Amino acid sequence: MLEPIKVSLESLNLITLAPMLIAIAGGLVILVLDLINEKLDKSLYVMLTILILIVDFGATIGLNVNERGFFDVMLIDGISIISQLLIIVASILFTPLALTSKRFHEYSYPEFFALFLFMVAGFQFMVASDNLILIFVGLETASLSLYTLIALHNRSNSYEAAVKYFTMGALAAGFFAMGSAVVYALTGSIELYQVAQVLSTRLGEPGIMAAIFGSSVLLMVTLAFKLSLFPFHTWAPDVYEGASAPLAGYMSIVPKIASFVVAIRIFGMYLDLGIEWVRVMILILAVITMTVANLMALVQEDVKRMLAYSSISHAGFIMAAMALDTTEGTTSIFFYYGLFMFTNLGAFAMLWISRHKVRRFNARFDHPYEKFAGLIQIMPMGAVIMALFMLSLAGVPPFSVFWGKIYVMQAAVNAGYVWLAIVMGLNSAIAAYYYLKLIVYMFLKDPVKDVDVVYYNLSRPLMAVIGLAAVATIAAIFYAQPLVSYLYYMISASGY
Amino acid sequence: MDNILSVLVFFPAIAGLLGFVVDKKSARAYGITVAAIEFLLSLWLWFSFDTANAGMQFVEMIPLIPDFGVNYYLGVDGISLFIIIMATLMTLIGMMSMSIETDVKNMIITLLFLEMTMVGVFVALDAIIFYLFWELSLVPMLYIIGAWGGPLRVYASIKFFLYTFMGSLIMLVGMLFVAYVYHNLTGVWSFAITDWYALVLPVDYQLWLFMAFFLGFAIKVPMFPFHTWLPYAHGQAPTIGSVILAAVLLKMGTYGFVRFSLPMFPDASVMMITPIAVLSIIMVIYTAMVAYAQKDMKQVIAYSSVSHMGIIMIGIFAMNAEGIGGSVFQMLSHGIVSGALFMLVGIIYDRRHTKLMSEFGGLAAVMPKYAVIFGIMLMASVGLPLTIGFVGEFLVLLGFYEVSPIMTILAGTSIIIGAVYMLSVFKKSFFGPVTNEENKKLKDLTPRETWSLVPLVAIVIWLGVYPKPVLDPINKSVNAMLVFMEEKAITAEAKEIIKVPQSVTKAGEVK
C-alpha cells in the first residue's frame with residue numbers, strides 16, 4: 001500500500017506562486033466581467049489589465065531572494081525577480097497601445113486581454129523555475145496565447161504570421177522536449193541544480209560529452225528559435241510584419257527576456273561546468289546573428305521589417321554577452337533590455353499610430369519608407385521623436401540604448417574579449433546606416449503624397465505612452481545608475 | 001561664476017529648445033542674439049581664466065553613473081580655452097553672414113544644438129562625456145548638409161556620418177579598454193581623462209590603444225587616406241555648414257590627439273612620429289596638388305583646408321613646445337581663415353549661383369571691398385608674415401625641424417604650393433578684364449557681410465602682429481603636458497625625443 005503523502009502548507013511556500021496566480025485570476029475576472037455585461041468598452045479592460053499587472057508587480061517585488069517553493073519547482077532567485085519585473089513593466093507599457101483613436105477588431109474582444117494576462121503568467125512561470133518541465137509548460141502557455149493574439153488582428157497576413165509562428169514554435173517545442181529528455185536520460189533529473197550536481201561528478205566518463213552535445217544542441221535550437229538567432233531567425237520579419245505593431249514591439253522584448261533567462265540557466269550551467277565549446281557555439285551564433293541581421297536590414301523596404309531585423313541584431317548583440325558568463329555580462333543582458341524596452345516601445349508605437357486600414361503607399365507593405373518622407377514638414381514633433389528613437393537604436397549617446405551598448409561592450413572587454421567589442425562596434429556602424437535611412441526620409445526628402453493622415457491613430461493615451469518612451473530614452477543617463485546597481489545586486493545575489 | 005563651463009555648454013541648447021517657440025521671422029535675430037551672448041560668455045571665461053595656471057580650471061564634477069565611473073566632469077586649460085572661443089565666435093559670425101532663406105528657424109535651432117556639442121567636446125574631461133558630445137555633433141551636421149546642401153547632399157551627409165561614426169566606435173572600444181586597465185590597477189572605475197593620465201601602460205598596449213584612438217581622430221581630421229568624405233561634405237554643404245565644419249568640427253580630431261593620444265600614450269606617440277609625419281606630408285602635398293587642379297573655387301578652399309590640417313598634425317607630433325603650441329595656434333588660425341574663405345566663396349555664390357572660376361575674372365574692379373578681404377584671407381592662408389597664418393605655420397615647422405629637417409622641408413613646400421594655387425585662384429577670379437557680362441553688375445559687400453568679415457580681418461592681423469596673449473597660455477599648458485609626458489614615458493627613445501623647454505625644467509626643479 002502506498003504511503004499517504006503528507007505536505008505541510010508552509011513547506012509549499014505558496015507566496016512564490018502569487019505573482020502568476022494574480023495574473024491568471026485577473027484574466028479570469030476579465031472573462032467573468034464579459035459574461036455579466038457584454039457591452040463594456042475596451043478602455044475598461046485596458047485599465048483593468050494595467051491594474052492587475054501593477055498588483056502583479058507589487059507581489060513580485062516583495063518576494064525574498066533565493067527561495068524555493070511548491071515542491072522545489074519554483075525558483076525565486078535574483079534573475080527570476082528582475083526578469084519578472086521587466087516582463088511586467090513591458091506589459092504595462094504596451095497595454096495602453098490598445099487605446100487607439102480608430103477601432104481595431106481585436107481589442108473589442110475582452111478575450112484579448114484575458115489571453116494577454118495568461119501569456120504574462122506563462123512568461124513568469126518560464127523565468128521562475130529551473131525545472132525543465134515547468135519551463136516547458138510556461139513556454140507553451142505563453143506561446144499559445146501569443147499565437148492567438150497575433151491572429152486576432154484579423155488580416156490575411158496576420159493569420160499567415162500566426163500560423164508561421166505556431167508551426168515554428170511547435171517545432172521548437174518538440175526540440176525542447178527532446179533536449180530535456182536527453183538531459184533526463186543522462187542525469188535522471190529535470191531540475192537543473194540536480195542536473196549540474198550529477199554532471200559535475202560524471203564529466204570524466206567516456207561518451208558523456210556526446211550526450212551533452214546532443215542535448216545542448218537540441219535546447220539551443222529551441223532557444224535560437226525563440227530568440228530568433230541565425231539560422232532560425234527567418235520567421236521573425238514575416239511574423240512582425242503580420243502582427244500589429246504593439247504586439248511586434250512586445251515580441252521583440254518580452255519573449256526574448258524570458259528565453260534569455262532560460263538560456264542563462266541552461267547554458268550558464270554548462271559554462272560553469274567548464275564545457276568550453278558551449279561558449280564557442282554561443283559566440284559564433286551571436287556574431288553571425290548580429291552581422292547577418294544587420295546586412296539584411298540594410299535592404300528592407302518596409303520600416304517594420306527593418307525594425308524586425310534590427311531587433312534580431314540586438315538579440316545577437318546581447319547573446320554575445322551571455323557567452324561571457326560573468327556577473328557583468330549577465331547584468332548587461334537585463335540592463336540592455338531595460339533600456340531597449342523604452343526605445344523599441346516608442347519606435348513601434350510610432351508605427352502603430354501611422355497604421356492605416358488600407359495600404360495607401362505601397363501594395364505590398366504597410367510602412368514603406370516613402371510613407372515617412374518629408375515628415376518634418378507635415379508633423380515636425382513626430383519626426384523629431386521618431387528620429388530620437390532611431391538615433392537611440394543606432395547607439396548615439398546620450399540616448400538609452402547607447403548606455404546598454406557600452407555596458408555590454410565594457411563587459412566584453414573586461415572578460416578579455418576585445419575582438420568581440422570591436423565586432424560589436426563595427427556592427428553598430430553598419431546598423432547606423434539603416435536607422436539613418438529613415439531619418440533621411442523624414443528630414444531630407446519631400447512628402448510623396450499630401451498626407452494629412454500619417455498620424456491616423458493618434459490619441460491622448462498613445463501620446464502619453466510615446467512621451468513617456470521619449471523621456472525615458474533621453475533621460476537614461478539619470479536612471480542608469482540605480483537600474484544597473486539594482487540589477488547587479490540581484491544577479492550577484494543569485495550567484496551568476 | 002564657477003560653473004561657467006556648464007553655462008557655456010547648455011546655454012545654447014536651452015536657447016535652441018526655447019527657439020521652437022520663436023516666430024519664424026524673428027528666428028534669425030534670436031539666433032544671432034543667443035550666439036552673441038554665448039560669445040560674450042566665452043570671452044568672460046577668458047578674462048576670468050588664470051593665465052599663470054597651466055592646469056585645468058573651472059573644474060566641475062558631478063557623478064552620473066558611479067558604478068560605471070562616468071562623471072559629468074568639465075574643465076578648461078590653455079589648450080582648449082581658445083578653441084572654445086573660436087567655436088563660439090565662428091558660430092556667431094557664421095550666423096550673421098548666413099544667407100539661407102528657407103527654413104531659417106530650423107537652421108538656427110540646429111546651429112544652436114551644434115554649438116552645444118562643439119563646446120561640450122572641448123570642455124569634457126570625462127571620456128564618455130567627450131564621446132557623447134563627439135557623436136552628438138554628427139547629428140546636427142548631418143541635417144545641415146542633408147537639408148540645405150547641393151544635389152548630392154544625401155549621399156554626402158550619410159557618408160560624413162557613417163565614416164565618422166565607424167571610426168569613433170573603434171575609439172570607444174579603446175576607451176573601454178583603458179577604463180578596464182585602470183580598473184585592474186586601481187580597483188576603481190573611472191573615465192576621467194585626468195585619472196587616465198596617471199596610467200603608465202606597457203608599450204604594446206600603448207600601440208594598440210593609440211591605433212584605436214588614431215582611427216577615431218584621424219577620420220575626423222581628416223588625415224590621408226581617410227579624407228575622402230570631406231570634399232563631398234564641403235562640396236554639398238551650404239556655406240554655413242562648410243564654415244562650421246572647417247572651422248570647428250575638424251579641430252575636434254586634432255584636439256583629440258593633443259588631449260588623449262599624446263599624454264596617454266607618450267611612447268607609442270613617439271614611435272608613430274615617422275608614419276604619421278609621412279602621412280601628413282602626403283596629405284599636405286597631395287591635397288595641395290589636387291587643390292591646384294580644381295575648377296570649383298569652393299573645392300580649392302576645401303582641399304587647401306585639408307592640406308593645412310596636415311601642418312597641424314605634423315606640429316602635434318613634433319613633441320616639443322614650439323611644435324605643439326604652434327599646432328594649437330594653427331588650429332585657431334585655420335579655423336578663422338578657412339571659415340572666412342568659405343564665407344567669401346559663399347558670398348560670390350549667392351550672387352552668381354556658381355563657384356566655377358572660369359565664370360569669374362576681373363572681380364577686383366567690380367567688387368573692391370570683397371577683393372581686399374579675400375586677398376587678406378588668402379595671404380593669411382598661405383602664411384604671409386604679419387598674418388595669423390604665419391605664426392602657427394612657422395612655429396610648427398620650427399618645432400618639427402628638431403625631429404627631421406628633411407621632412408620639415410617637404411612640409412614647408414606646402415607654403416609654396418599653397419601660394420601657387422591660392423594666387424592662381426586670385427588671379428583667375430579677380431584680375432584681368434571683366435569677361436563675363438553678368439559679373440559687371442555684381443554688387444559689392446553688403447553692410448551685413450562686411451560687418452561679419454571685418455572682425456575676422458581684425459583678428460587675422462592682430463594675432464599675426466601680436467600673438468602673445470594667446471600663445472602664452474597655450475604654451476604654458478603645452479609645457480606642463482610635455483613635462484608630464486617626459487616623466488611618464490618609459491622608453492629611453494621617447495624620453496629623448498620629448499623635449500621639455502629649459503625654463504620649465506628649472507621651474508620644475510624648484511618645486
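User: What percentage of the 496 residues of chain A count as buried?

Analyst: This is a predicted model, in which local features need pLDDT of at least 70 and side-chain atom pairs count only at pLDDT 80 or more, while totals for chains, interfaces and linings use all residues. Residues are numbered from 1 along each chain as its sequence is written, and chains are lettered from A and ligands numbered from 1 in the order in which they are written. A residue is buried if 20 or more other C-beta atoms, placed from the backbone, lie within 10 Å of its own, exposed if 12 or fewer do, and partly exposed in between. Among the 496 residues of chain A, the share that counts as buried is 58%.

User: Why is chain A described as being as compact as a globular protein of its length?

Analyst: Chain A contains 21 helices and two strands, which are DSSP runs numbered from the N terminus (helices: H or I, at least four residues; strands: E, at least two). The globule rule is 2.2 Å times the number of residues to the power 0.38, and the radius of gyration is taken over C-alpha atoms. For 496 residues the rule gives 23 Å, so chain A is as compact as a globular protein of that length, its radius of gyration being close to that value at 22 Å.

User: Which element gives the largest share of the side of chain B that touches chain A?

Analyst: Two residues are in contact if their C-beta atoms, placed from the backbone, lie within 7 Å. By this criterion, 27 residues of chain B are in contact with 27 residues of chain A. The elements of chain B giving two or more residues to this side are β1 (57-65), α5 (127-136), α6 (138-148) and α7 (153-186). The largest share, 14 residues, comes from α7(B).

User: Is A233(B) buried or exposed?

Analyst: A233(B) is found in helix α10 (residues 229-236) of chain B. Not counting residues up to four places away in sequence, A233(B) touches I145(B), A156(B), F160(B) and L245(B). Because 28 other C-beta atoms lie within 10 Å, A233(B) is buried.
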